[in-house]
Amino acid sequence: MTNIEQLQKLRVPFAENQISYLPKGGVKLAYVGHAALTDRLLDVDPLWTWEPLAVDQDGLPRLDAIGGLWIRLTVCGVTRLGYGDAGEKKGCNAMKERIGDALRNAAMRFGAALELWHKGELHAPEPLPEDEIATMLAGIENAKTVADAKSATEAAREIAAHDPAALAR
């Protein structure tokens, strides 16, 4: 399997049981936790690594001026940057939060959990051509038997599932 094929596995949506929810501002934000992301990274590349973009004089990760952490995440030999912050957390929990946040941010650059980062429908279906919609609707209007009507109605349901605004046009 090529690196590209391996990396494409990062784009596979996470299972519902791997998604957590965080109440924030009156809504629940969906996210993938550190363990689920690590599991995915290991499935794709057991040798994946991350490293801080900068280290201090003691060799520890250096934080930027506002307390955030820049990292390099390398998966299948490809490196992407990521950034993490600790929010209101302090002490060692803050550093763990920064690392987890930076890993999720960098993994998103590979496509991991991308649909959870987007606030709408990431890949909206293309609208169906008007002539295709007209043909399907004509099938319903011109049905001569119950079987014809059922078939045409099922086709209309498929149109609505693919392009909900189609039947209103």
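Tutor: Let's begin at alanine 113, which is found in the loop between α3 and α4 (114-117); helices here are DSSP runs of H or I with at least four residues, strands are runs of E with at least two, and both are numbered from the N terminus. This is a predicted model, in which local features need pLDDT of at least 70, side-chain atom pairs count only at pLDDT 80 or more, and totals for chains, interfaces and linings use all residues. Residues are numbered from 1 along each chain as its sequence is written, and side-chain values use heavy atoms, with hydrogens and water left out.

Alanine 113 is buried, because its relative accessible area is 7%; buried means under 20%, exposed over 50%, and partly exposed in between, using a 1.4 Å probe and protein chains only. Its backbone deserves a look as well: phi of alanine 113 is near 55°, a positive value in a residue other than glycine. Most residues other than glycine have a negative phi. Cysteine 76, in the loop between β4 and β5, also has a phi near 55°. Cysteine 76 counts as buried because its relative accessibility is 11%, whereas cysteine 92 counts as exposed because its value is 61%. The structure holds zero disulfides, a disulfide being a pair of cysteine sulfur atoms within 2.5 Å.

Now follow alanine 113 to one of its partners. Phenylalanine 14 touches Ala113, along with Ile19, Val32, Ala36, Leu37, Arg40, Ala112 and Glu115, leaving out residues up to four places away in sequence; contact means heavy atoms within 4.5 Å. With one of these, Arg40, there is a further arrangement: the charged end of arginine 40 sits over the ring of phenylalanine 14, 3.9 Å from its centre. The rule asks for NZ of Lys or CZ of Arg within 6 Å of the ring centre and within 35 degrees of the ring normal. Arginine 80 also has its charged end over a ring, that of phenylalanine 110, at 4.8 Å from the centre.

In soluble globular proteins, nonpolar side chains tend to be buried together.

Let's stay with α2, where Ala36, Leu37, Thr38, Arg40, Leu41 and Val44 are buried. The cover over the buried residues of α2 includes α1 (3-8), β2 (27-32), β4 and α3.

Over in strand β5 (residues 78-84) you will find glycine 82, which is buried because its relative accessible area is 0%. Apart from neighbours within four places in sequence, glycine 82 is in contact with Leu69, Trp70, Ile71, Ala102, Asn105 and Ala106. Glycine 82 and proline 52 are 30 residues apart in sequence, with 9.5 Å between their C-alpha atoms.

Valine 12, in the loop between α1 and β1, is partly exposed because its relative accessible area is 43%. Its C-alpha lies 9.3 Å from that of leucine 114, although valine 12 and leucine 114 are 102 residues apart in sequence. Serine 20 is in strand β1 (residues 19-24) and is partly exposed because its relative accessible area is 28%. Serine 20 is in contact with Leu29, Ala30 and Tyr31, with neighbours within four places in sequence set aside.

Finally, step back to the whole chain. The protein has six helices and five strands, in the order α-β-β-α-β-β-β-α-α-α-α along the sequence. Of its 169 residues, 31% count as buried. Among contacts between residues at least 6 apart in sequence, 49% join residues at least 24 apart.
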